[in-house]
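Please take a moment with the chain shown below before reading on. The paragraphs that follow go from the whole chain to its sheet and then to some of its helices.

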Amino acid sequence: MSPGALGSAESRSIAAPGTAPYDPAPALTEELPVPAKPERRPVRPQFSSGPCAKRPGWSAAALDAALLGRSHRARPSVERIRTVLGESRRLLGLPDDYRLALVPASDTGAFEMAMWSLLGARGVDVLAWDSFGEGWASDVEKQLRLDDARVLRADYGELPDLGAVDFARDVAFTWNGTTAGVRVPDGDWIADDRSGLTLCDATSAVFAMRLPWEKLDVVTWSWQKVLGGEAQHGMLLLSPRAVERLESHTPPWPLPKIFRLTKGGKLAEGPFRGETINTPSMLCVEDALDGLRWADEIGGLDGLVARSEANLACVADWVERSDWVEFLATDPRTRSCTSICLAITDPRFLALDPAARGATAKQAVSRLADEGVAYDIGSYRDAPAGLRLWGGATVERADLEALLPWLDWAWGEAAADLGA
Ligand SMILES: Cc1ncc(COP(=O)(O)O)c(C=O)c1O
């Protein structure tokens, strides 16, 4: 049914969001109230989980001072890259003896570089509870073909048994499973006296969640997530123990130039001093600096985390009142404050087969995009059909608040179509 096919929203029974009586098993043909189309719209409808919304107030003027047409090896260019490294280090409170580099190919490049350079010296446990974790597990098993690899898996919405991880082995995991909306609640499960290394893909967590750096030997992220930077630039953080491994372990497989972190058996210092392996975009570097300046203005890491947690809290309040949606994360402690994944629990939806669920959710998501109130909020292609809202710091809480009644409206319309 197209919007309006039942007549105007006003001619239907209208319920305020969350106040409609909940019937646990309505007949598929039963018509439930469809909320009226809200009047207030999000000022910025960008709720994508990557690339994420630019910071509030961003315009291309933020890039005016970019060193365009200059060599990235010129002194001022290297200094700007160094400033990105230094400011990231300061804002995140990184330990002094950890090394940070700008590397090619975004978070994927950074994490692959770490896995290909470091793994193989001992057994590895890979934790997978979303499609990115599955991707790393697949690389370990099918590309690196490590003999001694275990994959600890969990379904969407759950975490694997963290108590089963063996820290005498290397451990690869995502801090926040972006496609499941499930994060590890803290680092208490990570052994301080581990002999293996911990490799953490934290791209949708850094700058939004507090990370226990001393428990993490490798951390990777990209600019296009929490600070709303441009894509394709990766950040790679190494602990002293990770550097030690690099300098003592030579992988048996060939390493392409963009993965090479050592020279003559020693850490290649260049990338950690702003001398990148290959050419970065100085436009993106300028944008990253802009994001870092904004982060500073809003209170640094505390401000960023507070904004993101407030966004999650605002969605959680609404979910609490809703009768058609739940968090995909089953344990509230594991709910992500960045990639907020929601499962549709309306019985009319649950009665559908997976393909029809996907089509129905897509229809609701498209309606919202057509209205210009929310872009890119469908769940990830491998995840259960539902919604995913980005709640990172660049998203304004007021915009999420304005969006939520639209979600009720869009679902009301999509569900009415099911009964039509
Ligand atoms: C957990 C996780 N890992 C890796 C990636 C890939 O990041 P990129 O596209 O920056 O390489 C993403 C992107 O959403 C992600 O969320």
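Helices, as the word is used here, are DSSP runs of at least four residues, numbered from the N terminus. The model is a predicted one, and every value given here is computed from it.

Seen as a whole, the secondary structure of the chain comes to nine helices and 14 strands. The radius of gyration is 23 Å, close to the 22 Å that the globule rule gives for 420 residues, so the chain is as compact as a globular protein of that length. Along the principal axes, the C-alpha atoms fill a box of roughly 75 × 50 × 30 Å. Of the 420 residues in the chain, 47% are buried, and among the contacts with a separation of 6 or more, 73% are between residues 24 or more positions apart.

In what order do the strands of the open sheet follow one another? Seven strands form this sheet, in the order E1-E9-E8-E7-E4-E2-E3, and their pairing is mixed. Strand E1 (99-104) and strand E3 (149-153) stand at the edges, each with a single partner strand, so one side of each is left without a neighbour in the sheet. From one strand to the next, the twist averages 20 degrees.

Strands of a sheet pair through backbone hydrogen bonds, either parallel or antiparallel. An antiparallel case is the pairing of strand E8 (residues 218-222) with strand E9 (residues 233-238), where five bridges join the two, and where Thr 220 stands opposite Leu 236 in E9. Helix H1 packs on the sheet, touching E1 and E9, and its direction makes about 130 degrees with that of E1.

Parallel pairing can be followed at strand E7. Strand E4 (residues 170-174) pairs with E7 in the parallel sense over four bridges, with Ala 172 opposite Leu 199 in E7. E7 and E8 also run parallel, joined by three bridges, and here the bridge partner of Cys 200 is Val 219 in E8. In a regular strand the side chains alternate between the two faces of the sheet. In strand E7 (residues 198-201), Thr 198 and Cys 200 point one way while Leu 199 and Asp 201 point the other way, and all are buried.

Helix H2 (residues 106-118) has 13 residues and reaches 18 Å from its first C-alpha to its last, close to the 18 Å expected at 1.5 Å a residue. Because 12 of its 13 residues are buried, H2 is largely enclosed by the rest of the structure; among these buried residues are Phe 111, Met 113, Met 115 and Trp 116, along with Asp 107 and Glu 112. Just after H2, Gly 120 takes a positive phi of about 105 degrees.

Helix H5 has 16 residues and reaches 23 Å between its first and last C-alpha, close to the 22 Å expected at 1.5 Å a residue. With 12 of its 16 residues buried, H5 is largely enclosed by the rest of the structure, and its buried residues pack against H1, E9 and H6. What does Gly 291 touch, not counting residues up to four places away in sequence? Gly 291, found in helix H5, touches Arg 55, Leu 227, Gly 228 and Gly 229. A residue counts as buried if 20 or more other C-beta atoms lie within 10 Å of its own, and Gly 291, with 27 within 10 Å, is therefore buried. Gly 291 and Val 226 are 65 residues apart in sequence, and 9.2 Å apart in space from C-alpha to C-alpha.

The last helix to consider is H6 (residues 300-321), whose 22 residues should span 32 Å at 1.5 Å a residue, which agrees with the 32 Å between its end C-alpha atoms. The buried residues of H6 include Leu 301, Leu 304, Arg 307 and Trp 318. Seen down the axis of H6, its buried residues fall within an arc of 145 degrees, so they line one face of the helix. On the other side of H6, Asp 302, Glu 320 and Arg 321 are exposed. The buried residues of H6 pack against helix H1 (75-92), helix H5 (282-297), strand E13 (339-344), strand E14 (386-390) and helix H9 (397-419).

Definitions and conventions: Residues numbered from 1 in each chain as written. Predicted model: local features only at pLDDT ≥ 70, side-chain atom pairs only at ≥ 80, totals over all residues. Expected span 1.5 Å × (residues − 1). Arc of directions from axis to C-beta. Contact = placed C-beta atoms within 7 Å. Pairing = 2+ DSSP bridges. Axes fitted to C-alpha atoms, helices over the stretch in contact; angles between N-to-C directions. Rg over C-alpha atoms; globule rule 2.2 N^0.38 Å.
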